[in-house]
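Trainee: I would like to learn how to read the helices, the sheet and the core here. Where do we start?

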Amino acid sequence: MSTTEAGAAGEQRVAVVTGAARGIGAATAVRLAAEGRAVAVLDLDEAACAGTVETITAAGGRALAVGCDVTDAGQVDAAVARVAGELGAPVVLVNNAGVLRDNLLFKMSESDWDTVLGVHLKGAFLMSRACQKHMVDAGFGRVVSLSSSSALGNRGQANYAAAKAGIQGFTKTLAKELGKFGITANAVAPGFIATDMTAATAARVGMGFEDFKAAAATQIPVQRVGEPEDVADAIAFFQSDRAGFVSGQVLYVAGGPLD
Ligand SMILES: NC(=O)c1ccc[n+]([C@@H]2O[C@H](COP(=O)([O-])OP(=O)(O)OC[C@H]3O[C@@H](n4cnc5c(N)ncnc54)[C@H](O)[C@@H]3O)[C@@H](O)[C@H]2O)c1
């Protein structure tokens with residue numbers, strides 16, 4: 001563990017990464033453990049977190065699998081209490097859990113809307129509220145939430161764009177409310193990242209994933225799609241002890257500027 005990533009008494013700081021069974025969340029959990037954090041790997045199904053936990057522990061890190069639906073306040077409070085008891089007080093939170101329910105507005109159901117707003121926005125609210133008391137007690141905290149390039153507007157994603165734009169307002173508000181407690185809040189807004197989420201989108205539009213990625217890459221200035229590690233690198237900066245004067249920011253991680 002690097003000394004810069006330890007608390008005042010030299011203890012290992014504890015991070016919670018939601019939606020960490022796979023994709024960007026898994027890569028972030030592994031990266032944060034490599035940075036010296038103990039990591040709670042949280043996802044809907046505790047058993048699905050085993051692979052991420054094993055990757056971390058095999059490299060000598062500390063990790064805990066936690067099953068929790070981030071839209072359920074009771075489950076969130078119980079999960080955060082369990083993390084505090086078994087791993088230590090969580091002072092780093094990555095709000096990453098997410099789902100898509102894409103549809104054009106005239107076909108979007110109330111359930112499509114509620115599900116997406118529930119996981120991304122209510123989930124980030126409930127997790128942040130549950131973790132902030134530990135951060136305030138520690139006089140240190142880092143909240144990093146996943147926004148998206150879709151926050152700028154994206155056809156077929158009225159629900160998701162609203163949620164990801166909402167994450168930006170939520171982040172800036174946390175930065176203002178919690179800064180005096182040593183807590184920063186920032187958002188990372190990825191463009192196209194190769195994960196199960198984008199693979200599902202390819203399947204939905206009837207394209208093979210390789211063709212879908214190749215087509216997307218032609219529209220990206222660096223001429224490739226992103227990998228989960230590209231996003232994990234940006235999150236690693238925001239959650240580091242060194243980033244204490246950077247707060248309320250949104251960093252697009254999209255291989256180029258966005259229109
Ligand atoms: N992949 C991309 O191109 C992309 C781009 C921009 C933003 N993002 C955002 O990054 C985050 C991660 O995306 P990904 O591509 O890795 O997705 P993914 O679908 O591969 O993984 C999402 C994870 O979240 C978990 N999850 C879903 N609902 C949950 C709930 N209620 N409680 C707990 N966990 C839940 C899932 O089980 C899954 O493990 C999401 O917030 C997504 O919106 C992704």
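Mentor: Start with helix α5 (residues 158-178), which lies across β5, β6 and β7 and runs at about 165 degrees to β6. Axes are lines fitted to C-alpha atoms, for helices over the stretch in contact, and angles run from 0 to 180 degrees between N-to-C directions. Contact means heavy atoms within 4.5 Å. Helices (H or I, at least four residues) and strands (E, at least two) are DSSP runs, numbered from the N terminus. This is a predicted model: local features need pLDDT of at least 70, side-chain atom pairs count only at pLDDT 80 or more, and totals for chains, interfaces and linings use all residues. Residues are numbered from 1 along each chain as its sequence is written, and side-chain values use heavy atoms, without hydrogens and water.

Trainee: What is the strand order of the open sheet?

Mentor: Strands of a sheet pair through backbone hydrogen bonds, either parallel or antiparallel. Here seven strands pair in parallel, in the order β3-β2-β1-β4-β5-β6-β7. Pairing requires at least two DSSP bridges between two strands. The edge strands, β3 (63-67) and β7 (250-253), each pair on one side only.

Trainee: Which residues touch the most other members of the largest nonpolar core?

Mentor: Nonpolar side chains tend to be buried together in soluble globular proteins. A nonpolar core is a set of buried Ala, Val, Leu, Ile, Met, Phe, Trp, Tyr and Cys residues joined through side-chain atoms within 4.5 Å; buried means under 20% relative accessible area, exposed over 50%, partly exposed in between (1.4 Å probe, protein chains only). Of the 59 residues in the largest core, L32, V39, V41, L42, M127, V188 and I235 touch the most other members. Helix α4 (residues 110-138) gives the largest share, seven residues. A second, separate core has eight residues, including F212 and I220.
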